[in-house]
Amino acid sequence: MNVGIDKISFFVPPYYVDMTDLALAREVDPNKFHIGIGQDKMAVNKKTQDIVTFAANAAKNILTDEDKKQIDMVIVGTESGIDESKASAVVLHRLLGIQPFARAFEIKEACYAGTAALQYAVAHINIHPESKVLVVASDIAKYGLASGGEPTQGVGAIAMLVSADPRILQLNNDSVALTQDIYDFWRPVGHDYPMVDGQLSNETYIQAFQKVWKEYQQRHKKSFADFHALTFHIPYTKMGKKALLAALEDEAPEEQERILAKYEASIVYSRQVGNLYTGSLYLGLISLLENAKLKAGEQIGLFSYGSGTVAEFFSGTLVGGFENQLLTELHQKQLAERKGLSITEYEEMFNDHLEVDADKEYDDALLYSIASISNTVRTYKED
Ligand code: HMG
């Protein structure tokens, strides 16, 4: 049976910081951020916008009333949960009006969780071909003001509808996964920001790609020549490129050029957004689909990486007519209409924390933003 991604969209909040402004404020050469890290803009959010807000906004772009009747599972991959117990997927299920006889839960393993959710959805559809699964990857990547990780922050969500006979990307059931217990990036319970060993995280990412890619090539007798493009988890856009360059070393120059050109198409959106954690690989996929010249039948490789660490390489085949399912105009408009913040505004927004124990009403124009908190329960401004 053919199972995979039938629809896909992303949402980022309506604010960003220009990386030149951030570099100048931190007394860093702007080229370090634009070229060394590979980021031009960084998405930021108000305190009244959380992972449920981003998830609902991304999902509403793709779901029809018919989909809501057929979805019987909602999975949110996140490492920015708003509750240690109750899953954001349960709230999302209600906000979106999905039929009641469904499973809804959250899944965690750093940035890998979006892929874990996708693979769980695929397994479910293989057993229940008539159903549809809503997979959401939603996160707030924050490291702290003037921290080493600050230029690699970002915010937003990806929503995917997974079904039989998908209209965008049919997954090839060829995953190779790798688990290693490494502390390159982690966030102990109670900590607002992650602990991160930046250089170790870079090295582990590159080595993890080399390990799964080598194993994948051996198991499936495939090479770069079998792929039209490869997309990566993109914590910052230079990261995937570093892993790719290391693996491409022995390839002919024209083969390197071919693969690298497609990588550039896959990072157009991430350059303007930053790290989405669980959603980053899929923002790269959307960017590739909407910015590269691709044809039905072409093979796309996907490298998923979550610190801690779990990595996975898998692939998909582009379905005939996939271009008719893309929301390119909506996505580009969303990015273009954001408001650029001054560094002072960004820092004020960053330091403005939501008081979860204070009963309060809020006034944020964004739909699905937090409207009030009462007895620690968030209510959202709805459609
Ligand atoms: P840093 O120490 O600020 O930067 O840390 P650097 O000194 O390593 O420089 C970065 C690059 O800029 C270097 O290029 C410099 O040469 C270059 P490279 O040698 O690496 O190719 N550079 C310049 N280029 C042009 N003009 C200049 C200039 N100056 C320097 N003037 C780091 C950077 C990414 C480590 C830091 O921001 C960080 O810790 N970020 C967070 C961790 C991270 O994103 N790690 C990525 C892999 S782990 C992962 O992907 C998982 C994750 O998403 C979490 C999860 O799974 O949940 C993070």
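**Entry 1: around the ligand**

I began by noting that this is a predicted model. Then I asked which residues come nearest to the ligand. The shell holds 30 residues, and Lys32, Glu79, Cys111, Lys242 and Ser307 are the ones that come nearest. I sorted the shell by class and found twelve nonpolar, 13 polar and five charged residues.

**Entry 2: polar atoms facing the ligand**

Next I looked up some distances. Glu79 has a polar side-chain atom 2.4 Å from an oxygen atom of the ligand. In the side chain of Asp29, an N or O atom is 2.9 Å from a ligand nitrogen atom. Cys111 takes part through its backbone, where a polar atom is 3.1 Å from an oxygen atom of the ligand. I also checked how much of the ligand gets covered: alone it exposes 1,100 Å², and the protein buries 74% of that.

**Entry 3: where the shell comes from**

Which element gives the most to the shell around the ligand? I found that α7 does, with five residues. Helix α7 spans 198-220, and I listed it with α2 (30-37), α8 (237-248) and β13 (299-306), each of which supplies at least two shell residues.

**Entry 4: an annotated span**

I turned to the UniProt record, an unreviewed entry. Its annotation "domain: Hydroxymethylglutaryl-coenzyme A synthase N-terminal" covers residues 2-164. In the model, that span is 34% helix and 31% strand, and its end C-alpha atoms lie 6 Å apart.

**Entry 5: Tyr277**

I found Tyr277 in the loop between α9 (253-266) and α10 (280-291). Is Tyr277 buried or exposed? Its relative accessibility is 4%, so Tyr277 counts as buried, the cut-off being under 20%. Leaving out residues up to four places away in sequence, I saw that Tyr277 touches a list of residues including Asp139, Tyr143, Phe185 and His233.

**Entry 6: Gln99**

My last stop was Gln99, in the loop between α5 (88-96) and β5 (103-107). Gln99 has 18% relative accessibility, which is under the 20% cut-off, so Gln99 counts as buried. Not counting residues up to four places away in sequence, Gln99 touches Lys68, Lys69, Ile71, Asp72 and His93.

Technical notes: Residues are numbered from 1 along each chain as its sequence is written. This is a predicted model: local features need pLDDT of at least 70, side-chain atom pairs count only at pLDDT 80 or more; totals for chains, interfaces and linings use all residues. Side-chain values use heavy atoms; hydrogens and water are left out. A residue is near a molecule or strand if one of its heavy atoms lies within 4 Å of it. A polar contact is a pair of N or O atoms within 3.5 Å; within protein, one must be able to donate a hydrogen and the other to accept it, and residues adjacent in sequence count only if both atoms are side-chain atoms. Accessible areas come from the Shrake-Rupley method with a 1.4 Å probe; for residues, only the protein chains shown count as cover. Helices (H or I, at least four residues) and strands (E, at least two) are DSSP runs, numbered from the N terminus. Ala, Val, Leu, Ile, Met, Phe, Trp, Tyr, Cys and Pro count as nonpolar, Asp, Glu, Lys and Arg as charged, and the others, Gly among them, as polar. UniProt positions are given in the numbering used here, feature names are shortened, and annotations may be inferred rather than shown by experiment. Buried means under 20% relative accessible area, exposed over 50%, partly exposed in between (1.4 Å probe, protein chains only). Contact means heavy atoms within 4.5 Å.
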